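Please look over the sequence and the model shown here.

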Amino acid sequence: MRDIRLLTQTFFPGTLIGPFTQANPGLGGVCTFVGEVRPDSEVEALELSHYEPLTLPGMHALADRAFDRFTLMGLLMVHRVGVLHPGEPIVCVSAAARHRRDAIDAVDFCMDHLKSAAWFWKREKRADGWHWIEPRADDTRDLARW
Amino acid sequence: MVLLGKLADLAGAPTLTLPAPSSAPLDWDGVIAALPPALAAAAGDPRNRVALNGALLADKLALHAADGDEIALLPPVSGG
């Protein structure tokens, strides 16, 4: 079961995980990661922009790589675009597998690639206006793990 | 032309229309020459990638755009 989506409105990860688990009968484990906008006294909002012809196809290509690399039964990968506020979910990745290691590693692999190599541009709104977020050295290190 | 991330801010808009050259296809140097100076300087960052009609180019110097094509200029993606 494979469910890859870009969403423009707020979503509730809990409502995705139940049906995803049900859709993978016979699984041995499910691992789920949810990323949210970190509450920060200076950040009022976060905006994610994307490029339609590349962003969702890039997420599908990442899912293909995860299925090739790990023994998975199912993969859910949902990412927000648009304006988000602290506490709102940005991303939810869930993997179902016969064995826990495949599920856990697939989520870790997808998250490292979504954060560092997927086609999203982010800017933060602070009291003095919008600021673009630049690539970080940590992201390169995260990708090098794979 | 579609501008992503901070390049859209520098352009003052998320898209620009460039005149198609009458003779040869538009190449990368032609794109840079057609951009406003502040945007042209930022567009020259070697980390930027270019897509033509939604397909990423391995080498932006290989760009050959015809009338009506969509060129996207993609700065490095933001980190976590």
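## Helix 3 of chain A

Helix 3 of chain A has 18 residues and spans 25 Å from its first C-alpha to its last, close to the 26 Å expected at 1.5 Å a residue, where the expected span is 1.5 Å times one less than the number of residues. Helices (H or I, at least four residues) and strands (E, at least two) are DSSP runs, numbered from the N terminus. This is a predicted model, in which local features need pLDDT of at least 70 and side-chain atom pairs count only at pLDDT 80 or more, while totals for chains, interfaces and linings use all residues. Residues are numbered from 1 along each chain as its sequence is written, and chains are lettered from A and ligands numbered from 1 in the order in which they are written.

Among the buried residues of helix 3 of chain A are A:Ala106, A:Phe109 and A:Cys110; a residue is buried if 20 or more other C-beta atoms, placed from the backbone, lie within 10 Å of its own, exposed if 12 or fewer, and partly exposed in between. The buried residues of this helix pack against strand 2 (29-36), helix 2, strand 4 (74-80), strand 6 and helix 4 of chain A.

## The largest nonpolar core

A nonpolar core is a set of buried Ala, Val, Leu, Ile, Met, Phe, Trp, Tyr and Cys residues joined through C-beta atoms within 7 Å. The largest one holds 53 residues, and those that touch the most other members include A:Ala66, A:Ala106, A:Cys110 and B:Leu4. Strand 6 (residues 89-97) of chain A gives the most to this core, with seven residues.

Leaving aside residues up to four places away in sequence, A:Ala66 touches A:Leu72, A:Leu75, A:Ala106, A:Phe109 and A:Cys110, contact being counted if the C-beta atoms, placed from the backbone, lie within 7 Å.

## Two sheets in chain A

Four strands of chain A form an open sheet in the order 1-4-6-2, with mixed pairing; strands pair if DSSP finds at least two bridges between them. Strand 1 (2-7) and strand 2 are the edge strands, and each pairs on one side only. Strand 1 and strand 4 of chain A run parallel and are joined by six bridges, and A:Ile4 has A:Met77 in strand 4 as its bridge partner.

Another open sheet of four strands in chain A has the order 5-3-7-8 and antiparallel pairing. Strand 5 (82-84) and strand 8 of chain A stand at its edges with a single partner strand each, so one side of each is left without a neighbour in the sheet. Strand 3 (residues 45-50) and strand 5 of chain A pair over three bridges, with A:Leu46 opposite A:Leu84. Strand 7 and strand 8 (residues 129-132) of chain A are joined by four bridges and form a hairpin with two residues between them, while A:Glu124 stands opposite A:His131 in strand 8.

## Where the chains meet

The contact between the chains takes 19 residues from chain A and 14 residues from chain B. Helix 2 (52-69), helix 3 (100-117), strand 7 (120-126) and helix 4 (137-144) of chain A each supply at least two residues of the side of chain A that touches chain B.

## A glycine in chain B

B:Gly30 lies in helix 2 (residues 28-34) of chain B. This residue counts as partly exposed because it has 17 C-beta neighbours inside 10 Å. B:Gly30 and B:Leu63 are 33 residues apart in sequence, and their C-alpha atoms are 9.8 Å apart in space.

How values were computed:
Contact = placed C-beta atoms within 7 Å.
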